[in-house]
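The report below walks through a multi-chain model, moving from contacts between chains to single residues. Please keep the sequence and the structure open while reading.

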Amino acid sequence: MNRRIRRHPILEFDTGRARVHITVNGRQVEAFAGEPIAAAILAAGIRVFRRTARLDSPRGVYCAIGRCTDCVMTVDGTPSVRTCVTPVEDGMVVESQRV
Amino acid sequence: MRPETETELAVVGAGPAGLCAAIEAARRGVRTTLVDENPRPGGQLFKQIHKFFGSHRHGAGVRGFRIGEELLAEIERSDVRVLLDTVVFGFHDDNTLGLYRGGTVLPLRARRTVLATGALEKPLTFRGWTLPGVMGAGAVQTMINLHGVLPGARVLMVGSGNVGLIVAYQLIQAGATVVAVVEALPAVSGWHVHAAKIRRLGVPVLLSHTVLEARGGDSVEQAVIAPIDGRCRIDGRGERRLDVDLVCIAVGLRPLSELAELARCRLGFVAPLGGFLPLHDETMKSSRPEVYVAGDLAGIEEASTAMEEGKLAGLSAARSLGKLSRREYARLAEEIMDNLAELRLGSFGEERRRCKDEILLRYRSLNAAEASAGGR
Amino acid sequence: MQQYDVVVVGGGLAGAAATFHLTARGLRVGLFERENLAVGASGRNGGQVIQLDGRDRSPEAIMKRLRYSRRTIALLKEYQSILEADFEFRQVGSLDIATSEDELEELRQLCAMQFAAGDTEVELLDRKALHEVSPCLSEEFPGARFRWSDGNLYPFDLVRGLVYWSLDHGARVHTGRNVGSVAVEGARVRGVEAGGEKVAADRVVLATSAWTRELFPQLNVIPLRSHAALSDAIPEIQAPAFEVVVDGEIVYGSSQFRNGHLLLGGGPDRPRTLDEQFDYTMSFLDTLKNASLLARVFPKLAGVHILRCWAGTMGTTPDGLPLVGASGIAEGLFVIAGFPNGMAFIPYLASLLADMVAGEEPETDLQMFDPQRFADLAVRLPDRYNYTILADCLGRL
C-alpha cells in the first residue's frame with residue numbers, strides 16, 4: 001500500500017526529488033533522497049519497525065523528532081539508529097531488531 | 001579566539017527563537033555560532049502550513065513555513081556560523097558546551113549561550129498506546145506536511161487544543177478521514193475558529209470524552225472511547241468503538257529543559273506553560289548569568305512569541321558582551337516587550353501572561369534567597 | 001511523636017535490605033531517606049555481583065568471604081520469588097581481565113589458591129577461551145580469571161522491590177527527610193531527629209554509606225567518587241561483567257541489561273579533595289574520557305553511542321570490608337555501610353545484622369566487619385585522592 005500524498009490543496013511533494021532505493025527487512029522500498037528513513041518506511045505501508053526484547057511488542061513511530069526511540073532500527077549493521085531523524089541513502093539496508 | 005572551539009555566543013536550537021537570537025546578536029557584531037541537531041534549521045516552522053494569526057508585524061496571514069524561509073535567508077546573509085547535525089550533549093561549569101557531530105566530539109567554549117531547545121509532545125498512556133499507529137500530533141504533522149506521507153487513513157484525534165484542531169484539519173487536507181476529536185474537558189481547548197472549520201467538514205468534536213484503548217494485532221485497527229465526568233471517572237455505558245488506524249495524541253507540549261538543567265539553570269514547574277522550565281528574568285536571562293533562554297523552552301507559547309523572545313535574548317546577550325549601549329538596548333528591549341505584551345492579550349494570552357509574570361517573581365525570589373545565603 | 005522499633009537511615013541497597021530483613025522478623029521499621037530511594041551509589045553503579053575479587057590473598061580470608069557471598073546469591077534467588085520486582089539477576093559470570101602475561105600468571109596463581117580454598121566456580125581463561133566467553137572484548141587481553149556464578153542485576157528494581165515489600169508488611173518509609181542527628185541518652189539510643197521532628201526508637205541502623213561521617217566521624221567510611229557511562233541499547237551480546245586495569249586505572253563494566261544497555265565505569269579521574277568526592281559534575285574532559293572507555297575495551301562497539309555519563313559517591317573503608325554490626329558508640333546504634341562491592345554482600349550481611357538487632361545470635365558471625373576495628377588506626381587520607389591513590393595509600397597501612 002502506498003501512503004504517499006498525491007494531491008494536496010497547498011503543498012507539492014513529488015516535484016524534482018531524486019528517487020533512491022533501500023531495503024527494509026529484505027524488501028525493496030523506494031524513497032526520496034534525503035527524507036527520513038521512517039518516512040520512506042511508512043510510505044511503503046510498513047507500520048511495525050521493531051519488536052521489544054521482553055514482551056515482543058510491535059513498535060513504530062511515535063514522536064518523529066528523535067526523542068522517544070520508538071522507531072530505532074539497525075541500519076547498515078549499526079544498531080539502534082533513529083530512523084525518524086536519519087536521512088535515507090541509496091542502497092541502505094534497514095532491519096528490525098529485538099531491542 | 002579559535003573559531004572552531006570558541007565563540008562569543010552559542011545559540012542552541014535553530015527554531016524560530018534560536019534563529020532570531022542569532023540574527024539579532026550577529027547584527028550587533030557578536031561572533032555567533034548556531035547549533036542544531038537536525039539536518040535543516042527552522043525547528044517546527046516548516047510543518048506549519050497554516051496561516052499565522054496576530055498583527056501584520058508578527059506575520060499574520062503568512063504561513064509558518066514562509067516565515068521560516070525568510071529567517072533562513074537572513075541567517076545565510078549574516079555572519080552566523082551554523083552547525084547542523086550537531087548535538088549539544090553537555091554544558092560544563094567552565095562554559096564549555098560538548099558537541100557531537102559526524103562521529104566526533106568537540107568542545108565549544110562560549111562566553112554567552114542562548115538555549116532555545118524548544119519542546120516535546122507529552123504522551124498519553126492508555127491500553128495499547130505503544131501500538132504502531134498511535135502517534136503524537138506533531139509527528140503526524142511532520143509526516144504529512146514535510147514528507148508527504150499519510151501515516152493512517154482513518155484518524156481519532158485526542159485533544160482539542162490548537163494543535164489537535166489544526167492537525168485534524170491538515171489531515172483532512174492530506175486526504176485522511178478524521179472520525180472524531182475527543183476532548184477530556186467540557187469545552188474546546190483551542191480557538192473556536194479552528195474547531196468550527198473541522199465541524200463544518202463533518203468531524204464530530206466529542207467533549208468530556210477520552211480514549212480508553214487502542215486495539216489491533218500489530219498496529220491500530222480500532223480505538224475505544226468513552227465519556228468522562230468532571231472528576232475523570234469513566235462512564236462505561238457510553239463506551240464506543242471507532243474504526244480507525246491512527247490515534248493522534250495532542251495533549252500538550254513540555255519544554256525540553258534537559259540541557260538547561262545540565263547547565264545548572266534553576267527550573268520551576270509552571271503547569272500552564274508545559275511543566276518544568278528554566279526560570280528567567282525579563283531580559284530572558286536564566287539563573288546562570290551567562291545563559292539566556294527563549295522560545296518554547298521558556299514556556300510553551302507560539303512561534304510569534306518565540307521569535308520575539310529570541311530577539312530579546314540575542315540582544316541581552318549582545319548587551320552583556322558590551323556590543324550595544326544601555327540606551328540603545330533599553331529602546332529595543334522595550335519595543336520587544338511591548339510586542340510580547342500584545343501577543344499575550346485576549347482570553348488565551350491572558351493565562352500565558354500571568355504565568356510569565358509568575359516566572360519573573362520566582363526568578364527574583366531565587367536571587368533573594370541566594371543573596372541572603374551569602375551568594376553563590 | 002513517631003515511634004518505631006528500629007529506625008533505618010539511608011535509602012540505598014543497604015538500608016532497603018536492612019528494612020526488609022527487620023520487617024520480616026516482625027519489627028516495626030521506619031526508613032528515613034534524605035532524598036529518594038537509590039540516589040546514591042546504589043542507583044549509580046553497574047549492579048555487578050562479584051563474589052570474590054582478588055583482594056583476599058590467604059585461603060582463610062577467601063573461605064570467609066565466600067561464605068557471605070554464596071549466601072547472598074542464595075538470598076538473591078529467594079528475593080526473586082518473594083519480591084514483586086524482577087531485578088534482572090542474571091548469573092552471566094564475571095571477568096577479572098589480565099593486561100599482560102605477567103598479570104595473567106598472577107591470576108593463574110590466584111585462581112589456583114581460590115580453587116584450593118573452596119571456590120569451585122572459578123577458572124582461568126586463556127586468550128582463546130576469553131574470546132569465546134566475551135566475543136566483543138578487545139583481543140589485546142591475554143586472558144582472565146572467570147567466575148561463572150557471578151553476574152549482574154538491576155539495582156533500582158532490587159531496592160524498590162525490597163522497600164515495597166516492607167511497606168506492604170508494615171514498614172514506614174519517609175523519603176525527602178534528612179536525619180540530622182541520632183539522639184543518645186545515657187549511652188543508649190533514644191531515636192533520631194528527622195526533618196526537624198523527633199522520632200523515637202531504641203534501635204537505629206545507619207545505612208548511610210559515604211555520608212556516615214556526617215553523623216559519626218569515628219565510623220570510618222571513606223567517601224570515594226567514581227563515574228560511569230551508559231551505552232545506547234544494542235541487540236543482545238555475550239558480555240559478562242568485568243574489571244580490568246587500563247592505562248593504570250581500574251575500569252569496570254556491567255553485563256548487558258535487559259533493555260540492551262551496557263554500563264561502563266571507572267577509568268581516569270583526577271585526584272580530588274574529600275569534599276570534592278561528593279561533586280557530581282562532569283567536566284568536558286571527564287565526559288570524553290569516560291565515554292571513550294566503551295570503544296577502548298570493546299573495539300567492535302566503537303560505533304555505539306553513549307547516552308549519558310554521571311558521577312556518584314560510594315563508601316569504602318581502610319581494609320575494603322564494610323562496617324556491619326554494633327557501632328560501639330551507644331547501645332542500640334548499629335551500622336551497615338562502606339561497600340565498594342555491595343551487590344554480592346549486602347543482602348546476607350543485612351540479614352545477619354537484622355538478627356543482631358533483633359537480639360539474636362547471627363547464624364554466621366560478623367567479626368570481620370566489626371565497626372570498631374579501626375578504633376586504634378589513625379588513617380590519614382591524602383589531601384587529594386582518586387581510586388588508585390586511595391588504594392595505594394590504604395595498601396600501605
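## Contacts, domains and local geometry

Where chain B touches chain C, the contact takes seven residues from chain B and five residues from chain C, two residues being in contact if their C-beta atoms, placed from the backbone, lie within 7 Å. On the side of chain B, the elements that give two or more residues are strand S5 (96-101) and strand S6 (104-115); helices (H or I, at least four residues) and strands (E, at least two) are DSSP runs numbered from the N terminus. By class, this side of chain B holds two nonpolar, four polar and one charged residues, where Ala, Val, Leu, Ile, Met, Phe, Trp, Tyr, Cys and Pro count as nonpolar, Asp, Glu, Lys and Arg as charged, and the others, Gly among them, as polar.

The model is a predicted one, in which local features need pLDDT of at least 70 and side-chain atom pairs count only at pLDDT 80 or more, while totals for chains, interfaces and linings use all residues. Residues are numbered from 1 along each chain as its sequence is written, and chains are lettered from A and ligands numbered from 1 in the order in which they are written.

The contact between chain A and chain B takes 28 residues from chain A and 27 residues from chain B. Helix H1 (37-43) and strand S4 (58-59) of chain A are the elements that give two or more residues to the chain A side, and H1(A) gives the most, with three residues. That side divides into 18 nonpolar, three polar and seven charged residues.

Within chain B, an assignment that is automatic or from a database sets domain 1 (6-120 + 253-372) apart from domain 2 (123-249). The centres of these two domains of chain B, taken over C-alpha atoms, are separated by 31 Å, and five residues of domain 1 are in contact with seven residues of domain 2. The domain 1 side of this contact has two nonpolar, two polar and one charged residues.

Chain B also holds an open sheet of three strands in the order S12-S13-S14, with antiparallel pairing; two strands pair if DSSP finds at least two bridges between them. Strand S12 (209-215) and strand S14 (240-242) are the edge strands, each pairing on one side only. Six bridges join S12(B) to strand S13 (222-227), and B:Ala214 stands opposite B:Ala223 in S13(B).

B:Met284 is buried, with 29 other C-beta atoms within 10 Å, and C:Ser209 counts as buried with 26 C-beta neighbours inside 10 Å. A residue is buried if 20 or more other C-beta atoms, placed from the backbone, lie within 10 Å of its own, exposed if 12 or fewer, and partly exposed in between.

The secondary structure of chain C comes to ten helices and 20 strands. Its radius of gyration, 21 Å, is close to the 21 Å that the globule rule gives for 397 residues, so chain C is as compact as a globular protein of that length; the radius is taken over C-alpha atoms, and the rule is 2.2 Å times the number of residues to the power 0.38. Of the 397 residues of chain C, 50% count as buried.
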